[in-house]
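Open the model in your viewer and keep the selection tool ready. Each stop below says what to pick and what is there.

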Amino acid sequence: MGRCNKEGRGVVVPTITIFNDNETVDYGGMQEYLDFLLANNVDALFAMGTTQENATFGAEEYKELVKFMVEYVDGKVPVYIGVSSPATRISVEYAQFAEAVGADAVFAGGPYYMRVTVDELMQFHKDIAASVKIPYLLYNNPGLAKLGLEVSQISQLTKEGVVNMIKDTTGNPVRTQDLKMNCKEGTKVFFGDDYGAYQSLIVGADGWTAGIGNVFPEKCRKIWDTVVEKKDYEEGFQLWKEVLPFLNVTINKDFYGKSGRADWLQMYKLGLNLRLGLSAKVRRPLFQLDEKDSKMVEEIVKKIGF
């Protein structure tokens with residue numbers, strides 16, 4: 001189905017969790033959701049990250065969902081498993097579990113909540129990577145982890161053999177270019193945002209972790225194929241503009257004359273609900289979208305053609 005090799009390339013979807021009304025995992029819904037992504041030729045899954053509400057999971061339910069996802073996908077595309085935790089020992093435990101059940105790589109952002117130094121953050125990544133034999137993907141997300149790494153620091157980790165892949169969630173495609181130029185040859189660099197993704201593909205991103213791929217995987221597939229494979233930047237930009245209305249509202253409500261937090265997760269889930277009828281439930285402390293925002297999202301999805 002997917003066209004990605006095990007080293008990572010192409011459209012990588014940061015997966016969500018389908019919940020029942022009581023906030024337990026809806027495994028039937030998860031099967032339908034994963035089938036939808038696979039049928040639309042995504043190249044890999046970036047699972048148990050921020051978008052999957054990983055921080056809300058206890059250890060046992062985390063392991064249950066990880067095992068389910070790896071086994072259900074069954075090698076059709078690579079599955080990268082998030083192991084972020086405030087404690088290195090817990091991240092190591094999760095990484096070793098993910099490896100044992102067949103994950104293709106593990107990744108971690110920062111030890112959220114802990115106020116670490118750059119040296120401590122570097123060691124955090126080194127400790128997790130050393131605990132497993134499968135590839136380690138560095139998830140650089142300073143917006144949520146509260147501390148990120150510079151290009152030179154990430155480059156150092158690649159040259160030391162700690163990091164095989166990078167997801168850079170700064171929203172800056174220039175960093176994609178810089179990482180490709182400065183990291184160890186062969187390091188896979190994924191653009192970890194939607195805003196600026198089109199530009200990142202032009203400057204050499206190996207992959208795009210497409211949040212909007214949860215809702216429009218076939219459109220993300222077509223954008224990738226047109227821009228990266230065909231190198232038709234003009235046609236690719238026209239395709240890009242088709243999804244921009246939805247992408248923009250998930251990034252910044254100011255685009256639509258609204259204020260407040262950009263509720264990207266709730267909007268992904270509502271968009272998927274409109275396409276497949278799956279639950280759009282998020283776990284507390286998050287709230288569901290209000291009626292006005294829900295109507296706005298419905299109108300945007302309809303205009304895009306769904």
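**Before you start**

This is a predicted model, in which local features need pLDDT of at least 70, side-chain atom pairs count only at pLDDT 80 or more, and totals for chains, interfaces and linings use all residues. Residues are numbered from 1 along each chain as its sequence is written, and side-chain values use heavy atoms, with hydrogens and water left out.

**Stop 1: colour by confidence**

Colour the chain by pLDDT, the predictor's confidence in each residue, from 0 to 100. The protein chain averages 94, and 97% of the residues score at least 70. Now select residues 1-5. Their pLDDT stays under 50. The model gives this stretch 18 contacts beyond four places in sequence; a contact means heavy atoms within 4.5 Å.

**Stop 2**

Helices (H or I, at least four residues) and strands (E, at least two) are DSSP runs, numbered from the N terminus. Two strands pair if DSSP finds at least two bridges between them.

Select strand 3, residues 79-82. V79 and I81 point one way, Y80 and G82 the other. All four are buried. Buried means under 20% relative accessible area, exposed over 50%, and partly exposed in between (1.4 Å probe, protein chains only).

Find L45, which stands opposite V79.

**Stop 3: the pockets**

Rolling a probe the size of a water molecule over the atoms shows where empty space is left. The search uses a 1 Å grid over the protein atoms alone. A pocket is an open set of points with protein on both sides within 12 Å along at least five of seven lines; a cavity is a set where a 1.4 Å probe fits but cannot get out. Lining residues have an atom within 4 Å of a point. Grid points are joined across faces, edges and corners, and a volume is the space filled by probe spheres set on the points.

The largest pocket holds about 630 Å³ of space. Select T50, N54, A55, L144 and W264, the closest to its centre among 31 lining residues. Helix 5 (142-145) and helix 11 (264-276) each supply at least two residues of this lining. By class, the lining has 14 nonpolar, eleven polar and six charged residues. Ala, Val, Leu, Ile, Met, Phe, Trp, Tyr, Cys and Pro count as nonpolar, Asp, Glu, Lys and Arg as charged, and the others, Gly among them, as polar.

Move to the second largest pocket, at about 410 Å³. Of its 21 lining residues, N141, T169, G192, D193 and W264 are the closest to the centre. Helix 5 gives the largest share of this lining, three residues. The classes here are eight nonpolar, ten polar and three charged.

**Stop 4: the cavity**

How many cavities of 30 Å³ or more does a search of the whole structure find? One. The largest cavity has a volume of about 40 Å³. Select L121, H125, Y139, N140 and L147, which lie nearest its centre among twelve lining residues. Helix 4 (118-130) and strand 5 (136-140) each give two or more residues to the lining. The lining has six nonpolar, six polar and no charged residues.

**Stop 5**

Most residues other than glycine have a negative phi, and most peptide bonds are trans.

Select E23, in the loop between strand 1 (10-14) and helix 1 (27-39). Its phi is positive, about 75°. E23 counts as partly exposed because its relative accessibility is 24%.

M48 sits in the loop between strand 2 and helix 2 (59-73). Phi of M48 is also positive, near 60°. M48 is buried, with a relative accessible area of 1%.

Then select R284 and P285. A cis peptide bond joins them, with omega about 20°. P285 is in the loop between helix 11 and helix 12.

**Stop 6: S294**

Finish in helix 12 (residues 291-304), at S294. S294 counts as buried because its relative accessibility is 16%. Leaving out residues up to four places away in sequence, S294 touches L270 and L289.
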